[in-house]
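Okay, everyone, let's get started.

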Amino acid sequence: MQIKSQKDFVAGLLFSAIGVAFAAGAVTYEVGTGDRMGPGYFPLMLGLILALLGLAVTLTAFDWKGQYRGDRDPIGRIAWKPLICIIAANLVFGVLLVGLPSVGVPSMGLLVAIVALVFIARLGGDQMHWLETAVLAAVLAAGCYLVFIKALNLQMPVWPWFMVD
C-alpha cells in the first residue's frame, strides 16, 4: 500500500490534529448532554467531526489496491508570503481591536482593525489593487458594524480610543 496523494495525506493529518486539539480543549469546559448543552458541547462536536473528516481524507490518500502509477501528487513548496501575511493580519486585528493594555497599546476599535486586517492580508497576494482592497475593507467594515454592533448588539470598541467620548 502506497500514498497516492501526499497533499491529501498531510491535509487529513492536519485536519485530524486540529480537530483533536479542539475536542481536547472543549472538555475543559462543562460539556453537558444533548438536551442540556454546556459551553463545551458545540466545540467538542465540531472538533470530533473535523477529526473524523481528517481521518477520511487521510484514508482516501492511500492506494489500497496497488494500481496507482501517477506522480503521487507531491506537496510542493510552502507559500511563505501568504502564510505570514494571513497570520500577521489576524494578530494585528486582535491587537488593534482590544489593544494591549499590559504594554500600553490602546484599542483602535473594530473599524480600524478590519481595515488593517484586509490590507495586511491582501499583501500576501500576487497583485495589490489598492482601490479594490479599499472598497473591500469599507464594505467589510460596514457589514461587520451592522451585524455585530447594530443587529447582535455586541459590546466591543468600534472607534479608536481618541474618538470615544
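So, Val10 sits in helix α1. Keep in mind that this is a predicted model. Is Val10 buried, exposed or something in between? Its relative accessible area is 34%, so Val10 comes out as partly exposed, since buried would need under 20% and exposed over 50%.

Together with Leu14, Phe15, Ile18, Phe22 and Ile75, Val10 makes a nonpolar surface patch of about 540 Å².

Now on to Ser16. Ser16 is in helix α1 too, which covers residues 6–26. Here the relative accessibility is 17%, so Ser16 counts as buried. And what does Ser16 touch, once we leave aside its neighbours within four places in sequence? That would be Leu50, Ala51, Gly54 and Leu55.

Okay, aromatics. How many aromatic pairs does a search of the whole structure find? The search turns up 3. One of them is Phe9 with Phe62, an edge-to-face pair with 5.6 Å centre to centre and 80° between the planes. I like this one because Phe9 belongs to helix α1 and Phe62 to strand β2, residues 62–63, so the pair ties together parts that are 53 residues apart in sequence. Phe62 has 18% relative accessibility, so we call Phe62 buried.

Another pair is Trp161 with Phe162. That pair is edge-to-face as well, at 5.7 Å centre to centre and 90° between the planes. As for Phe162, its relative accessibility is 53%, so Phe162 counts as exposed.

Notes:
Residues numbered from 1 in each chain as written. Predicted model: local features only at pLDDT ≥ 70, side-chain atom pairs only at ≥ 80, totals over all residues. Heavy atoms only, no water. Helix = DSSP H or I, 4+ residues; strand = E, 2+ residues; numbered from the N terminus. Buried < 20%, exposed > 50% of the residue type's maximum accessible area, 1.4 Å probe, protein only. Contact = heavy atoms within 4.5 Å. Patch = residues over 30% accessible without salt bridge, like charges linked within 9 Å, V, L, I, M, F, W, Y side chains within 5 Å. Areas by Shrake-Rupley, 256 points an atom, 1.4 Å probe, with all protein chains shown as cover. Salt bridge = Lys/Arg side-chain N within 4 Å of Asp/Glu carboxyl O. Phe/Tyr/Trp six-rings, centres within 6.5 Å; stacked < 30°, edge-to-face > 60°.
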